[in-house]
Amino acid sequence: MNRHIQSVLLGLSCIAPLTAAAVQAETRHVWEQVEITLHSQRPYENPYTDVLVWVDLKGPNFDKRCYGFWDGGSTFRVRILATAPGRWTWESGANVGDPGLQGVRGEFTAVPWTEAELAENPCRRGMVRPSGNGHAFEYADGTPFFLLGDTWWATPTFRFPWRDDDTPRPLNSAAGFKDYVRYRRSQQFNCIAMIAAFPNWANDGQPARWKTRDGMILRWAWPQAGTESAKDMTDEQGRRAFQFPGAVPGYEKHFPDLNRIVPEYFQSLDKKIDYLNAQGMIPFIEVARRDIGQAWKGHYAWPDSYTRFIQYVWSRYQANICLFSPIHFDTPAQSIATEDWNVAANLVIDRYGHPPFGTLAGTNSNPSSLENWGHTDRARWLSFHQIGNRRTHDVYEYLAEIFQAQPPVPGINGEPYYDGMEDAEPGSDKAARYCRSAMYGSVLSGGLGGYIYGAGGWQGGLWSGEVEAASEDPIWEVIQWPSGDQLRHLKTFILSEGRRYQDLIPSVELLSPNRSGKAKSLDGWAYCAATGSRDLVLLYFEQDCPQATLSGLPAGQNYQVDWYDPRTGRWLNEAAASDAITVAADGTIRLPPFPGTKVKSDTDWALKLQSPSEQKRDRRKKTADRNME
């Protein structure tokens, strides 16, 4: 994606105050960012709070107002794109009488990408949207998008260092952001989850978890390794997202002024967001973390001030192919009420509308966004659901609840078990097995949108941006743990019949026994999802599951059975192609023993059942689907 594609430079004395300036037409691709730069001709005490700019954009089947943002000094930008080929026109406007911001006109022509160019970068297929039945994701051109994400909350900071050159560096302390992206892309990851800003965090000698004298939370931060204070979360130049001093009495040097933004901080983030899109990867941008809520609400105009910040971030990245979130809500503790966050996010929709190019919005939550915010009737900003922040398999049932919500929206596990948590040694086979439970168990419980992986124990790792010498699990080591590379095998299994996975229905009740282990663990449970006609059934068994029986199947139906190794991504095909299992008259099948003729799983396994009559049709269809991907 190209930044600074189109610039409108006003403020020249030859331009009359009320004269609209026309911008020369250019040719761009669909879904390619076009940046319009405006320069105010009048000074403003606080452009971030005082000035609102926009362009009214018109094109084929499109007529919307697209808002912009202040980018420092007299500069304002509006980032737009074309959603279809053809002629596109725009005219700028503002809430202030300023000839540099109002009445500027321009146009461009959008052309489609070639098939070769689409194959080179899937982001060129357009914004991610719900699938036809609402349960999964796809690109704007209809190609399935099965989210395989990684958790890099500290992406905007120096912890994932940006370097302008493209020289590859080894995965050690010399590695940077581009090296990590290249590595994950080689493993088929297609999404990176991040938090746009940690304005209240600094390694300033004060406690990482810090309250004011009257008990208000200033921050509830992750400690920086080797210290008792919070992590530094600046960009590479030491900048934070807001200016100082702040407005919290007695803490002005520690808690920023949330009405005065630092655009240069976000200019640093722009480079990383653009780079991800250029590599075919989708940023999932959460605006802020929940521990900032009490001081924000207590000392700044709520919800207006927070609504402004959400809109600032969303308008800045509305023309990137990405996903949005108004808040990182990993726990309701040390925060404000969920409804307070919801009111602020809904106000974005009331004032500015949904993101103009269709960017979907969800949110990190605990235990689920459906539980925290309600469905789309209450959380009008929400277009997909998440579960997360509980690390054992009993949390997956929240995805089944999400699956049943009407109207349907995609669901994902956005913060699952992280490699190194619970009773598993970080980077070990056991930790990888626990990760696989979360991967397969979540998707087969209804999370057909995909999955976001995380690595690093309770003390941090990849998710927290560990780079200090005292860090036990630095980024460059954690990113190489085996569990991360095994995520791609989830996609191979789930998409083994092409887009048929989008028709799966969580159906654990068909499988017996399915709950042989403890609820607060990651062993002994089994999962099942099937199409409505039961012609395709996918199953996953954690370690210590007994041989099981399937019920509710069409009597007399034949099924081909294929075991799948989630460690290697290999199909075992222990049954010959001509072999089949036939459903009994009572609609049941006794599943075969686990690989190695085990009647109890000594590790985890996945299994696919498909009726032979469907195999021929699906073989043709999934070939077409794979070609699209």
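Visitor: How many aromatic pairs does the structure hold?

Guide: In this model, which is a predicted one, the structure holds 51 aromatic pairs.

Visitor: Take Trp 152 and Phe 177, then: why is that pair called edge-to-face?

Guide: The centres of the two rings, Trp 152 and Phe 177, are 6.1 Å apart and their planes stand at 85°, so the pair counts as edge-to-face, given that planes over 60 degrees apart are put in that class.

Visitor: And where in the chain do those two sit?

Guide: Trp 152 belongs to the loop between strand S11 (147–151) and helix H3 (177–186), while Phe 177 is in helix H3 itself, so to speak across a separation of 25 residues, and the pair thus links distant parts of the chain.

Visitor: Are they buried or exposed?

Guide: Trp 152 and Phe 177 are both buried.

Visitor: Which residues form the aromatic cluster?

Guide: One aromatic cluster has among its members Tyr 48, Phe 69, Phe 242, Trp 296 and Trp 341.

Visitor: What lies over the face of Trp 113?

Guide: Arg 124 does, at 4.3 Å from the ring centre of Trp 113; elsewhere, Lys 608 has its charged end over the ring of Trp 571, at 4.6 Å from the centre of that ring.

Visitor: Switching to strands, in what order do the three strands of the open sheet come?

Guide: The order is S2-S6-S5, with antiparallel pairing, and the edge strands, each pairing on one side only, are S2 (34–39) and S5 (69–70).

Visitor: How many bridges join S2 and S6?

Guide: Strand S2 and strand S6 (residues 75–80) pair over six bridges in the antiparallel sense, and Leu 38 stands opposite Phe 76 in S6.

Terms used: Residues numbered from 1 in each chain as written. Predicted model: local features only at pLDDT ≥ 70, side-chain atom pairs only at ≥ 80, totals over all residues. Heavy atoms only, no water. Pairing = 2+ DSSP bridges. Helix = DSSP H or I, 4+ residues; strand = E, 2+ residues; numbered from the N terminus. Phe/Tyr/Trp six-rings, centres within 6.5 Å; stacked < 30°, edge-to-face > 60°. Buried < 20%, exposed > 50% of the residue type's maximum accessible area, 1.4 Å probe, protein only. Lys NZ or Arg CZ within 6 Å of the ring centre and 35° of its normal.
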